[in-house]
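Here is a short briefing on a protein chain. Look at the sequence and the structure first, then work through the points by topic.

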Amino acid sequence: MADEDVYPTSILNAWKSSRLVYRAVEEDEDDKTFICEVMNGDPVAVSMGSFRTLSPGNRISGLGFYELTKHNPLRVLICLPASSSSSSSSSSSSSPTTETEGKKKPPKPTPIGMVSLFWPHGPEVQHHRDVMLGISMVGGYRGKGYGAEAINWALDWGFRWGGYHRIGLTAFSYNTRAIRVYRSLGFVEEGRVRESLLHDRKRYDEIIFGMLASEWENLRGLDKGEAGGDGEAKE
């Protein structure tokens, strides 16, 4: 029997969403460079998702972030799937003339961002099952719905597979686009740290959002403790 006839889609598609795939961050130079560029090389990402002064970051600080997030319960790259059209076009072309050409590696997914779940007060208090969500997208891929899709995937992963009770995130009150997205996904505004942020010579609030497991279940149309969809393998 094929896997599709035996295993639930919640498992078969655990690491993908409708347009995206998610993979672990590797211990290689490509992924380290990508994280350094995403976190430090984009002024929009720095100003909208970081408390840092808006100044260019260097590779040392980027690698520091890489090490800091290494033990997060979830740290994945948001990727566009490898192009099926490129693989099909290559297969329909003339046959390889050398053994090397015949062993070309398949195309890899293209990273366009990173999403993480992390313990806000360190791993020593993880028994509370309360985590925070962080996300960064590469310039050129914002405003296309990829960020919202990745957040929805992270929520599903956190409540279905991570067993968390609450997933929170913060937004800066000047980041109106992000605030609209978070509210549309079902996050509840839980409070504000008033005028705690200085941005372009004006004071702004840090807004605290959260979602409880019961609220996620309601959004997904699930009863408490119910598996997400066809949750059991078939005999």
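## The chain at a glance

The chain has 10 helices and 7 strands. Helices (H or I, at least four residues) and strands (E, at least two) are DSSP runs, numbered from the N terminus. This is a predicted model: local features need pLDDT of at least 70, side-chain atom pairs count only at pLDDT 80 or more, and totals for chains, interfaces and linings use all residues. Residues are numbered from 1 along each chain as its sequence is written, and side-chain values use heavy atoms, with hydrogens and water left out.

**Overall packing**

- Of the 235 residues in the chain, 36% are buried. Buried means under 20% relative accessible area, exposed means over 50%, and partly exposed lies in between (1.4 Å probe, protein chains only).
- Take the contacts in the chain with a separation of 6 or more: residues 24 or more positions apart account for 67% of them. A contact means heavy atoms within 4.5 Å.

**Arginine 75**

- Arginine 75 sits in strand 2, which covers residues 74–80.
- Arginine 75 is buried, yet it has no salt bridge. A salt bridge is a side-chain nitrogen of Lys or Arg within 4 Å of a carboxyl oxygen of Asp or Glu.
- The nearest side chain of opposite charge belongs to glutamate 27, 5.6 Å away. For charge, Lys and Arg count as positive and Asp and Glu as negative, while His and the chain ends are not counted.
- Which side chain does arginine 75 join through a polar contact of 3.1 Å? The partner is threonine 69. A polar contact is a pair of N or O atoms within 3.5 Å; within protein, one must be able to donate a hydrogen and the other to accept it, and residues adjacent in sequence count only if both atoms are side-chain atoms.
- The side chain of arginine 75 also reaches the backbone oxygen of tyrosine 66, at 2.8 Å.
- Leaving out residues up to four places away in sequence, arginine 75 touches several others, including Arg23, Ala24, Val25, Met114 and Ser116.

**Salt bridges**

- Side chains of opposite charge can pair when their charged atoms come close.
- The whole structure holds 12 salt bridges.
- One of them joins glutamate 149 and arginine 19, at 2.9 Å from N to O. This pair links distant parts of the chain, 130 residues apart. Glutamate 149 is in helix 8 (residues 146–160), and arginine 19 is in the loop between helix 2 (9–12) and strand 1 (21–24).
- Glutamate 149 is buried, with a relative accessible area of 11%. Arginine 19 is partly exposed, at 35%.
- Lysine 70 and glutamate 67 also meet in a salt bridge, at 2.9 Å from N to O. Lysine 70 is partly exposed at 28%, and glutamate 67 is partly exposed at 41%.
- Glutamate 190 pairs with arginine 166 in a salt bridge, with their closest N and O atoms 2.5 Å apart. Here strand 6 (residues 188–199) holds glutamate 190, strand 5 (residues 166–172) holds arginine 166, and the two are 24 residues apart.
- Glutamate 190 is partly exposed, at 42% relative accessibility. Arginine 166 is buried, at 14%.
- A network of salt bridges links Arg183, Glu189, Arg192 and Asp205.

**Aromatic pairs**

- How many aromatic pairs does a search of the whole structure find? There are 9. Rings of Phe, Tyr and Trp (its six-membered ring) pair if their centres lie within 6.5 Å; planes under 30 degrees apart count as stacked, over 60 as edge-to-face and the rest as tilted.
- Tyrosine 141 and tyrosine 146 form a tilted pair, 6.3 Å centre to centre, with 55° between the planes. Tyrosine 141 is partly exposed at 26%, whereas tyrosine 146 is buried at 13%.
- Tyrosine 182 and phenylalanine 187 form an edge-to-face pair, 6.2 Å centre to centre, with 65° between the planes. Both of these residues are buried.
- Ring pairs link Phe51, Phe172, Tyr174 and Tyr204 into a cluster.
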